[in-house]
Amino acid sequence: MARAGIVGLAVATVVALRLAAVLPDVPNRHALTGETARRAMLDVDAAEVLLGGDLLELVGHLVGSDTGTLLLLVAAPAHAAAGPAHALGVELGISLVFTALLFLVLGLAARCVGASTGEALVVLAISTPLLMGSRDLLGHAVSGMPEVPSAVFTLATVAAWLASRASRTYRPWAVALLGNALFHVTFQDGLMLALAVLLVEAGQAGWVRPPRALLSALFRGARSPVGLSMLVSALTVLLGGCWVVSTGGLNATVFGREVSLRHVREPVWLGALLLFLFVEFAFWHERVWLAAEVPRRARFLWKWLLTPMVVWILVPFSGRLQTFGGSLAWAGSGSASDWLLSLPRAAWEGWVPAETRWIVLALLCGSILAAFRSATTRLVLGSLGGLLLLEIAFLTLLQRGNLQPRLIVHLAPLVALSAAAWVPAVPHVVRTPLGAAAAALLLWIVLPIWRGPELVSTLSRGFESTANGDACREVARALPITRGVLVNETAPARFETCGLWVKLLARERGAQVLIREPWTLASRRDVLVLEDGTTPAGPRGGLVALGAPAQHGLVRGQRYRAEAP
């Protein structure tokens, strides 16, 4: 594994240097997308808390976050060390480092596919150009989006899973730790991977025995007094809470404090928590029966891989269940062929260049044929293929009508490994020249993508338009305020970007500007209003204009002075 890791490190270094060389030429690198800008503001807030030395508040930021917390743990110290003048560079740099790390992990994962160092190097030689040619993945290489970090931890988790299956260990702790790390990068990707791994592991005992045993355990658990009370309580909370909300809600005074039930999220959260507790109780109650019917590895992964993820989502008052539910909401309708083939079509079109698609298809067919000859190839391809099919099936069903290719871009490294899974089944005399020829052909086709203009164009796809970034940055720079709030009335396409630039420039000046929070101090403050004419202007009562307005592109800004409330 050491030699493959060293080669992977060399490739990662070359990739990082190449991306760093062309990054200054990306014209819209300052125009982060809405999701990235929102994450960057959370990172900056956490860095300020860290610099202030308030560790309890930092823990509150992490526990209360409704997004992945692992990137926040990485970004906060980096922002604190780099200073306010380099905030944008920190966000882009972290993304670049993860992109380089992906190729290092690919080198280590190749050793889990090949049985020897020579086989691992051939696997790495084939999979590296395939990954370098993934335009959808490369488009997020420096964008600050979580797709590349998710791909890193997905590949690391799968590599640990392949190694644990080959060694037949009953307690794959590395899979549990890396899988939960993936979950704390992207909730959806972590849960999908955990479910897919559990299904594959449980399937080792057949596709009838484990489901039958689980259903039997739930039925027997519901017949016990404790289980029945938990199940009835969960259904009562769900149905009763939804009925109360549908009739207009409820207000009450508890211990002198006003409480209200106005939204369905509260009963859904509490009902989901009670249902999960019932499931855990039922499985514990029937643990002897399940031990005989469900494979040991599957039971371990349920306990240490999936259960911590569900518990984290159900943390009280965090809003994660609502966020996760929103990410899995059906996005619309469409013909059956559209929503069934949307994600597979996105993978076919975005993961490999057009010139290499038939080569990749031939390599995948070779891996399938080799699986009949080699037990190692059969294990690798069965694991990777099952994982890919199950995750794409989950997302296709849950994201009906949503054609966003980025939903599955983190799976591209697994396809690259699958295309090289035939290597252990081929004799040494044929393996090296055949692998070298395939790698050379793929590299020859892929290298033009990494030339200056083409690479800049690909990297630009991960950002918003240059016009939006320039407009937000220049207006925020022209209208500095020292102590006050931002009233952001811009369109959704530039809402987060404008808020981010106001925050970053205020942080550079040492100013106190609230972006989302209301002003609660009994003192005079400045108000910066940004608008672009897409939404009706809010009330301006009690505000006194300060100076002339500023406009750049579609974004117009005006400073106001507001007296103490």
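**Cavity and sheet in a predicted model**

Helix 5 gives the largest share of the lining of the largest cavity, four residues. This is a predicted model, in which local features need pLDDT of at least 70, side-chain atom pairs count only at pLDDT 80 or more, and totals for chains, interfaces and linings use all residues. Residues are numbered from 1 along each chain as its sequence is written, and side-chain values use heavy atoms, with hydrogens and water left out.

I begin with the cavity. A cavity is a set of points on a 1 Å grid over the protein atoms alone where a 1.4 Å probe fits but cannot get out, and lining residues have an atom within 4 Å of a point. The largest cavity holds about 190 Å³ of space. It is lined by 16 residues, and those closest to its centre are Arg39, Asp43, Leu71, Glu91 and Gly144. Helix 2 (34–52), helix 4 (70–82) and helix 5 (87–113) each supply at least two lining residues; helices (H or I, at least four residues) and strands (E, at least two) are DSSP runs, numbered from the N terminus.

Five strands form an open, mixed sheet in the order 4-3-5-7-6, where two strands pair if DSSP finds at least two bridges between them. Strand 4 (512–514) and strand 6 (543–552) are the edge strands, each pairing on one side only. Strand 3 (residues 483–489) runs parallel to strand 4, joined by three bridges, and Val485 stands opposite Leu514 in strand 4.

How values were computed
1 Å grid on protein atoms, 1.4 Å probe; cavity = no way out; pocket = protein on both sides within 12 Å on 5 of 7 lines; lining within 4 Å. Points joined across faces, edges and corners; volume = space filled by probe spheres on them.
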